[in-house]
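Reader: I have a model on my screen and would like to learn how to read it. Could you take me through a few features?

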Amino acid sequence: MEDLDLNLRELKEHLKNISYLSQALGLIEWDMRVGIPKKAIESRIKVSGYLSSELFKLVTSSKIEGWLHYFDDKFEQLSFNDKKMIKKLKKDYDKFIKIPSHRNKEYIMLCSTAEAFWETAKYKNDFEGFKPYLEKILDFTKEFAGYRGFKKDIYNFCLDDYEEGLTTEKLDKVFNELRDGIVELLNKIKISKVEIDDSFFKQYFNKNDQHEFGKFVLDKIGYDFEAGRLDTTVHPFTCSFGNKDVRITTNYDENDFRSAFFSNIHEGGHGIYDQNSDDKLENTGLSGGTSMSVHESQSRYYENILGRSKEFWMYFYPKLQKTFPQFKNITIDKFYKGINKVESSLIRVEADELTYSIHIIIRYELERALLNNEITVEELPEKWNEKYKKYLGIEPKIYSQGVLQDVHWSAGLIGYFPSYALGNLYGAQFLYKMKKDIPNYSDEIKNGNFKIISHWLKENIHKYGCLYTPSELIIKVTGEELNPKYFLEYLNNKYSKIYELKNK
C-alpha cells in the first residue's frame, strides 16, 4: 500500500507541473488576445512555441507510460477520483504520444500566428490573406487524425477532442431532429401576424455604462470577481487558469445594447462553471468542464434560458431603466419581446435563440466537407453563402460578416462548433430537472434569488469537473440520455406565447 501511495503522490506532482505549465501557456494566450502590443506578437509566439514543446515533453514523458502500466494492475485499489484521473491521463497520453513533438510545436505556433492575423483579416475583410493559414491548419488536422488512426471520417477525430464518444453518425441524427424542429417552428413564426419592434435597442449606449451594468448582473448571478475579471476583445472568450482565476471577455457595440450584454452573461456562464469546480480536482487534469458541450450548456443557459426570460428582467429591468434612460418609456413586455425577436441574421453571436443552432449546423457541414476533401478552402466563401441562403434566406456581402466572422478556425478549434448547439440541448434537459427540484423556480428568479440556481448547478454539474463523461453526467443528473425533445419543447412553449401561435 505504501508503494501505491508513493506512486500516486509522484504522479500527482507530475500532473501539477503539467497544470502549471498549461496555465502559463493559457496566460500568454489570454494576453495575446487582450492586450499585447503588436510589435511583441512575433517574439511571444516563439515563447509560446517553446513552452508548448516543454509541455508536450511532460505530457508524453516515459514516466507517464510507466505509471500507466503500474496502475493498470492496481486499478481496482484506487479511489473513484483516482480511477477517473488515470483514465483521463491515459486518454490524453494516447492522444499526444502518437504526434511527433516538432509537428505539435509547429502547429501551436501556426495557430498563434493565424489567430493574430485573423484579427487583422477580419477588420480588413481579407479572406485571401487568411486562406493560407486555414489551409495549413486543416492539413495539420488531417495529419494528426492520421496519427491517431482516424481514416474513414476525419471529423470524428475532431469531435472526440471536444465531446468524448460523439460520432458524426450520432450527431447527424441529433442535428436532423433539431434542424427539422426549428424549421417547423420558424415557418409558423413567419406567418404569424405578431410584429415585434426592437428599434429601441438600436440607439447609443455608452460603453462604460454597459460595462458597469454587465458587471452588476454578473455579480448577482454568481460570477466571482475575486476569482475572475472582465475585459474587452475582438471576439469574446473565457480563459481559465484554475478555479481561482477565470477570465472572461466581451466586445462592446455602442449602437446596440444586446450585443455585449448577452455576450457577458454567456461568458459568465462558462466562468461560473469553472469557478465552481471542486478544489480537490485542481491540478489533477479533472478540473473545469467535462466537455465543451456541457460547458456551452451553462453559457447558453445563462445567456438565453435565464437571461432572456421574463422573470429575469422582472428583477433587473428597474436597474436597467435607471442606468439607461433610453428604456424609460419601454414596457417590460415590449422589452421582453424585443430581446426574443426571431429574425434571420448573418452574425452567429448576435443570432436569436431560435435560429442560432442553424448557424452551428452550417459550420458543422462546412467543416466536415473541408476535412473530407469535398470542398476546398478556395470554395469555402461560396459554399458558406449558399448555405446561408438555403437555410436562413440571407447571404453576406463581405467576408467579415461571413466566413471570417469567427475566431475558431484560426485557433485550430475544428470540431468545436457543434458544442454550441449540443449545449442548447443539454441546457434545456438540465432545466427540466432543475424545475422539478425547485418547484418555485420562476418565483425565485423574479425575486433575484440566483443563489438557489447557482447552488443547484454547482451541486449537480459544476463541482464534478471532468469526473463524469458528458453521457454519464446527463444520465446522472436527469436519468436519461441526451434528448433533443426538451429543447424543442422549450422553444415551442416560449415562442408560441410570444408570437401567439396556435399549436395543433
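Author: Let's start with an annotation: the unreviewed UniProt entry gives E267 the feature "active site". UniProt positions follow the numbering used here, feature names are shortened, and annotations may be inferred rather than shown by experiment. This is a predicted model, where local features need pLDDT of at least 70, side-chain atom pairs count only at pLDDT 80 or more, and totals for chains, interfaces and linings use all residues. Residues are numbered from 1 along each chain as its sequence is written, and side-chain values use heavy atoms, leaving out hydrogens and water.

Reader: Is E267 buried or exposed?

Author: Buried means under 20% relative accessible area, exposed over 50%, and partly exposed in between (1.4 Å probe, protein chains only). E267 has a relative accessible area of 7%, so it is buried. Leaving out residues up to four places away in sequence, E267 touches P236, F237, T238, I248 and T249; contact means heavy atoms within 4.5 Å.

Reader: And how do I describe two packed helices?

Author: By the angle between their axes and the distance between the axes. Here, α11 (residues 292-306) and α18 (residues 451-460) pack at about 165 degrees, with axes 13 Å apart. Axes are lines fitted to C-alpha atoms, for helices over the stretch in contact, and angles run from 0 to 180 degrees between N-to-C directions. Helices are DSSP runs (H or I, at least four residues), numbered from the N terminus.

Reader: Which residues of α11 and α18 meet?

Author: Q298, Y301 and Y302 in α11 meet I453, S454 and L457 in α18.

How values were computed. Helix = DSSP H or I, 4+ residues; strand = E, 2+ residues; numbered from the N terminus.
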